[in-house]
Amino acid sequence: ARVRQHTALPVAVGLGGSSAAQAAEVAGFADGVIVGSAFVQRLLSAPDAAAGLDGVRELAAELAAGVRAQPPGA
């Protein structure tokens with residue numbers, strides 16, 4: 001709310017979120033959810049590149065579902 005008092009630009013937040021529940025929580029007060037390290041972790045912990053890409057796809061789908069489950073303005 002304090003940031004929105006100073007700008008009309010969209011507000012995005014990224015602070016280590018890595019689950020659908022966390023993405024939904026952030027989506028309740030931000031216009032965007034920034035996720036980076038969780039994707040890198042999926043790639044690095046995979047046994048090979050194909051499994052890493054599968055992990056990234058899975059995480060992206062989970063995060064998107066979490067954000068979509070959050071009603072706007074909630």
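## Terms and model

Contact here means heavy atoms within 4.5 Å. The model is predicted: local features need pLDDT of at least 70, side-chain atom pairs count only at pLDDT 80 or more, and totals for chains, interfaces and linings use all residues. Residues are numbered from 1 along each chain as its sequence is written, and side-chain values use heavy atoms, with hydrogens and water left out.

## D31 and its surroundings

D31 touches R4, L9, P10 and V11, when residues up to four places away in sequence are not counted. The side chains of D31 and R4 are joined by a polar contact of 3.0 Å; a polar contact is a pair of N or O atoms within 3.5 Å, where within protein one must be able to donate a hydrogen and the other to accept it, and residues adjacent in sequence count only if both atoms are side-chain atoms.

D31 is found in the loop between α1 and β2 (32-33). Helices (H or I, at least four residues) and strands (E, at least two) are DSSP runs, numbered from the N terminus. D31 has 48% relative accessibility and counts as partly exposed, the class between buried (under 20% relative accessible area) and exposed (over 50%), with a 1.4 Å probe and protein chains only.

## Helix α3

Helix α3 covers residues 49-69, and its 21 residues should span 30 Å at 1.5 Å a residue, which agrees with end C-alpha atoms 30 Å apart. The expected span is 1.5 Å times one less than the number of residues. At the N-terminal end, D48 caps α3 through a side-chain oxygen 3.2 Å from the backbone nitrogen of A50.

G52, G55, L59, L63 and G66 are the buried residues of α3. They cover an arc of only 65 degrees around the axis, so they lie on the same side of α3; the arc is taken from the directions from the helix axis to the C-beta atoms. On the other side, A50, R57, R68 and A69 are exposed. A65, also in α3, is partly exposed at 43% relative accessible area.

## Packing of α1 on α3

The cover over the buried residues of α3 includes α1 (20-27) and α2 (37-45). Residues A20, A23, A24 and A27 of α1 meet E62, L63, G66 and V67 of α3. The C-alpha atoms of A65 and A21 are separated by 9.3 Å.

The axes of α1 and α3 come within 7 Å and cross at roughly 40 degrees. Axes are lines fitted to C-alpha atoms, for helices over the stretch in contact, and angles run from 0 to 180 degrees between N-to-C directions.
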